[in-house]
Amino acid sequence: MEAPAAQPSPADHPMPYVTAELTVNSPEQMQELGRRLAKLLRPGDLVMFTGELGAGKTTLARGLGEGLGVRGAVTSPTFVIARVHPSLGDGPPLVHVDAYRLGGGLDEMEDLDLDVSLTDSVIVVEWGEGKVEELTEERLHVFIHRAVGDTTDEVRHVLLRGVGERWAAVDLSVLSA
C-alpha cells in the first residue's frame with residue numbers, strides 16, 4: 001500500500017483542532033461512517049473530503065445524506081458541480097459539491113447560485129482542499145486513503161480533522177464505535 005500523503009502538523013493550523021483515525025473495510029462501512037458522522041453535524045458545517053478517485057468520497061456523502069434524512073439519491077455531482085438535497089424532516093439540507101473542476105474557490109461557489117442559505121445547510125465538498133477553506137474557519141476535513149494501483153483492496157484509512165472552536169469539543173472518537 002502506498003504511504004498516505006504527509007498531513008499538516010498542528011503548527012500549520014492557527015485554530016484549535018481535533019482528530020480521529022479509523023479503518024474502513026468496505027463500502028458499506030464507509031456509508032455507515034457517513035450515517036454516524038451525520039449525527040455530529042449541524043447547519044453551517046463545512047465538511048471537506050480529500051481522497052484519490054475511487055477512495056469512497058461519494059459513498060461517504062451518501063451515508064451523510066441518509067443520516068441527515070435528505071431527499072434524493074446522493075450521487076457524484078461531478079458534472080453538475082453541486083446538488084442541494086432538502087431535508088425530509090426538520091434537519092438541514094445537504095449541499096453536495098464536487099470542486100474538482102472549480103479553480104477559483106469561493107467566487108465560483110457563489111456563482112453556483114445555490115437556492116439555499118449555506119449557513120442553514122450542511123455543506124460537503126469533494127476535492128475542496130485549497131478551494132473552499134475561506135467559507136469558514138471552522139470545518140471538518142476528512143482524508144480518505146486507499147491502496148492505489150491494480151488492487152481490489154476495499155480497506156480505507158480515514159483521518160478526520162476538525163478545525164476551529166466548533167470542533168474543539170466534538171468527540172470524533174465516537175465515529176469508530
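**Exercise 1.** Identify the bridge partner of Leu-94 in strand 5, and describe the pairing of strand 4 with strand 5.

*Solution.* The partner of Leu-94 in strand 5 is Val-122. Helices (H or I, at least four residues) and strands (E, at least two) are DSSP runs, numbered from the N terminus. Strand 4 and strand 5 (residues 122-126) run parallel and are joined by five bridges; two strands pair if DSSP finds at least two bridges between them. The model is predicted: local features need pLDDT of at least 70, side-chain atom pairs count only at pLDDT 80 or more, and totals for chains, interfaces and linings use all residues. Residues are numbered from 1 along each chain as its sequence is written, and side-chain values use heavy atoms, leaving out hydrogens and water.

**Exercise 2.** Determine how strand 3 is joined to strand 4.

*Solution.* Strand 3 (residues 82-85) runs antiparallel to strand 4, with four bridges between them. Arg-83 stands opposite His-96 of strand 4.

**Exercise 3.** State whether the residues of strand 4 are buried or exposed, and which way they point.

*Solution.* Buried means under 20% relative accessible area, exposed over 50%, and partly exposed in between (1.4 Å probe, protein chains only). Five of the five residues of strand 4 (residues 94-98) are buried. Leu-94, His-96 and Asp-98 point one way, while Val-95 and Val-97 point the other way.

**Exercise 4.** Give the strand order of the open sheet and name its edge strands.

*Solution.* Seven strands form the sheet in the order 1-7-6-2-5-4-3, with mixed pairing. Strand 1 and strand 3 are the edges, each pairing on one side only.
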